[in-house]
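This report goes through helix packing, a cavity and some backbone details of one protein model. The sequence and structure come first.

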Amino acid sequence: MTDHKVRQRHGIQVMEPPDSVQNAPILDEKKTIGHTKKYTKKRIVSNSALAILTLLSFITRFWKIDHPHQVVYYLKRTYYFDVHPPLAKLMLAGIGWFLGYDGHFEFDNIGDDYITNDVPYIGLRSLPAALGALLVPLTYMIMIESGYPVITAILAAGLVLFDNALICQTRLILLDSMLVFFMLCTFYCYIRFYKYRLREFSNEWWFWMIASGVALGLTLSVKLVGLFTVLTIGIAVIVDLWNLLDIKRGLTMDHFKKHFYARAIGLIIVPIFVYLFWFYLHFAILNTSGPGDSFMSPAFQETLQGNVMSLESLEIRFNDTITLKHKSTSVFLHSHPQRYPLRYNDGRISSQGQQVTGYKFEDANNYWLIKPAKIFMDPSRPEDDFVKHGDYILLEHINTETHLLTHDVASPLMPTNQEFTTMPKDDDSRYNETVFQVLIDDGDSDTKWKTKSSYIRLIHFDTKVALWTHDKLLPEWAFKQQEINGNKNNVEKSNIWIADQIVGKNEPPKRHLPFFAKFFELQRLMLSHNSGLTKPHPYSSTPVNWPFLVRGISFWTNNNDREQIYLLGNPFTWWISVGAMAVLVGVLSADLISRRRAIHPISEPVRNRLLNSGLFFFMAWFIHYAPFYLMGRSLFLHHYLPALICSYMVAAVVFNFMFVDSVNYPISVTGPRKAPRIVAKAVVRDITVITCTILLAISACVFYYFSPLTYGTPGIEPEGIRSRMWLDSWDLHFQPKRHDA
């Protein structure tokens, strides 16, 4: 038996195993020592490169982090509403709490001074800056774990290191550094998990899978676009399971089910629990009334300390006297003895009934007694029972002793809507016209009507119109009060009324809303408001422009010194990453077509690497980019940053394919059954190092050239601004004035 043989196969250095692994020779001591020294040298080189890249990353992110000293609610524990999940704000709040910041500053206006307002802004900026700095070593480690040589990993990390947009976005008090950091953590953990596939169900296998699930949950807990990372890993898992299902793998169905259930636990259930945990903490901390109350349902608001609904919300009973306020216009349902004129200005004739109007101020003429409509009332219910969703009632105006009524007579200002009036309470001749049904928003048959916290519609029994008002005022004969009429579209949101108070009662009980009721309400509102962010913005842009860096975003300006912070990527690195992705698609397409003709232009190890990692990074780019085309909300360049880092890794993969001979193969951790495998080693030539050095040198120079826009200092003269206007669409400030010829 001879030692392992090394020869060229398909342009690769291949180490062929001996005929029998069991009878393989023992390497002599000199060979073992030489191999160990070579491995140690490579490890030292790799660790040194990682350390240098990390140091440079922290320098570029923290350089002049105190500038500018001009423009988080958790520290005040007051409830606020945000379209994003709470993790990033909790992290910033934790830093603020550690620094002794009490949350007194509202961050309302760009240009407000941090120093004047005693805000520890450098400490608050340090968290996103630190996470932004860690993107560089994370990218490096992802490439190393994916089996690429040090030079390729250096290129990928270097592209991230010298990107102006990533530096600008991650050194301010913004959320994107957390999002991208956890996204890369997810990729790193999943790659480590996948490398242990030959040691299935081992401790390491479980650890990296659970870590992947935790990182997934953290990514989603920063922004809802973390769903794109979930989808990326989800597709990778589906492909993995599909391969395991292949009968050629030799797995029984019971064994396959173990793989399926393990991944369901680690990559579905674990992320869900992580995501839920941060909302549980969010609700536990934000237990006090704040500026976000009005976004939430009345039932939610009742659980917040100091909220008017928790302080004053009372359950309403029959025979209670209440005031009713219109939600949209904040007027009370009001009546007084004066009557409608016989004839309106347009010639139409009224009923000459008692006026019913909307009045903005508290007044005794706003008092209405709730009486059960006895013909609809269950005889077993007590007369002072709680009023519930679906109950039929009469409303008696206290001061005039009349019942509210609507009928088929046109209202004063809107001929298409019905007039509201009243009739004496002892006159039952038009009883059905005085009956109204109480419909509580999101209510069921057991939902009780409450003051302050229940949104209700009053639907007329006879004509099915809803009690409604609008902001047009009646003439002098109605004291310029607001018109009340019957809206035939009885499902409109503007039909909502609120019982403002029960006259003579003011001791509400304590309220509680289950966690999952709060959770699902907030998820629905986050999605709704996120999709509703359609208001035009001067610096919004469309996804088709992002990869080509057609437009940036102005963050801050200082007119006195011509300083500005303008979110703009490194044009060189952005544009070569687009080209690299086009090359990858072209190479894989050409290989696919060639193989249809039994031509194999790419060796199997290289092709497998392109498919497994190159295609994974390309898929991650596509999934984090393409869905934005389907969104109707306002979009900005910073939405592209997660996809951008994926494109940088694709660029490194293409570089490796073009300038590195072969790949390191295999890279998976060896399993207990040591079957012979072809071994390949990447060969880095001088041209590889030279090309990488040139690319990074150009990237560094372009980064430095645009750095005044990234750091906001120093100021640039108009001619300097003009020289940096590589595209006319970059709307930089302080451009030189153009004079007509």
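At what angle do the axes of helix H7 (residues 176–195) and H16 cross, and within what distance do they come? In this predicted model, the two axes cross at roughly 40° and come within 9 Å. That makes H7 oblique to H16, and their crossing is right-handed. On the H7 side the contact is made by Leu-179, Val-180, Met-183, Leu-184 and Phe-187, and on the H16 side by Pro-642, Ile-645, Cys-646 and Met-649. By class, this contact of H7 with H16 has nine nonpolar residues, no polar and no charged ones.

H16 also packs with helix H14 (residues 571–595), at an angle of about 60° and with the axes 8 Å apart. H14 and H16 are therefore oblique to each other, and H14 passes H16 in a left-handed crossing. H14 contributes Thr-573, Trp-574, Ser-577, Ala-580, Met-581, Val-583, Leu-584 and Val-587 to the contact, while H16 contributes Leu-641, Leu-644, Ser-647, Tyr-648, Val-650, Ala-651, Val-654 and Phe-657. The residues of the contact of H14 with H16 divide into 13 nonpolar, three polar and no charged.

Another helix pair is H9 (residues 226–245) and H10 (residues 253–285), whose axes come within 10 Å and cross at roughly 170°. H9 and H10 are therefore roughly antiparallel to each other. Val-237, Asp-240, Leu-241, Leu-244 and Leu-245 of H9 meet Met-253, Phe-256, His-259, Phe-260, Arg-263 and Leu-267 of H10. Eight nonpolar, one polar and two charged residues make up the contact of H9 with H10.

The angles and axis distances are set out below.

| Helix pair | Angle between axes | Axis distance |
|---|---|---|
| H7 and H16 | roughly 40° | within 9 Å |
| H14 and H16 | about 60° | 8 Å |
| H9 and H10 | roughly 170° | within 10 Å |

Which residues line the second largest cavity? They are Tyr-148, Val-606, Arg-609, Leu-610, Val-653, Asn-656, Phe-657 and Val-663. Helix H15 (604–623) and helix H16 (641–659) are the elements that give two or more residues to this lining. About 50 Å³ of space lies in the second largest cavity. Its lining has six nonpolar residues, one polar and one charged.

Thr-713 and Pro-714 are joined by a cis peptide bond, with omega about -5°. Pro-714 lies in the loop between helix H17 (686–711) and helix H18 (718–723). Where is Gln-352 placed? Gln-352 is in the loop between strand S4 (332–339) and strand S5 (354–359). Its phi is near 60°, a positive value in a residue other than glycine.

Key
Residues numbered from 1 in each chain as written. Predicted model: local features only at pLDDT ≥ 70, side-chain atom pairs only at ≥ 80, totals over all residues. Heavy atoms only, no water. 1 Å grid on protein atoms, 1.4 Å probe; cavity = no way out; pocket = protein on both sides within 12 Å on 5 of 7 lines; lining within 4 Å. Points joined across faces, edges and corners; volume = space filled by probe spheres on them. Helix = DSSP H or I, 4+ residues; strand = E, 2+ residues; numbered from the N terminus. Nonpolar A, V, L, I, M, F, W, Y, C, P; charged D, E, K, R; others polar. Axes fitted to C-alpha atoms, helices over the stretch in contact; angles between N-to-C directions. Parallel < 35°, antiparallel > 145°, perpendicular 65-115°, else oblique. Left-handed = near helix turned anticlockwise from the far one by under 90°. Contact = heavy atoms within 4.5 Å.
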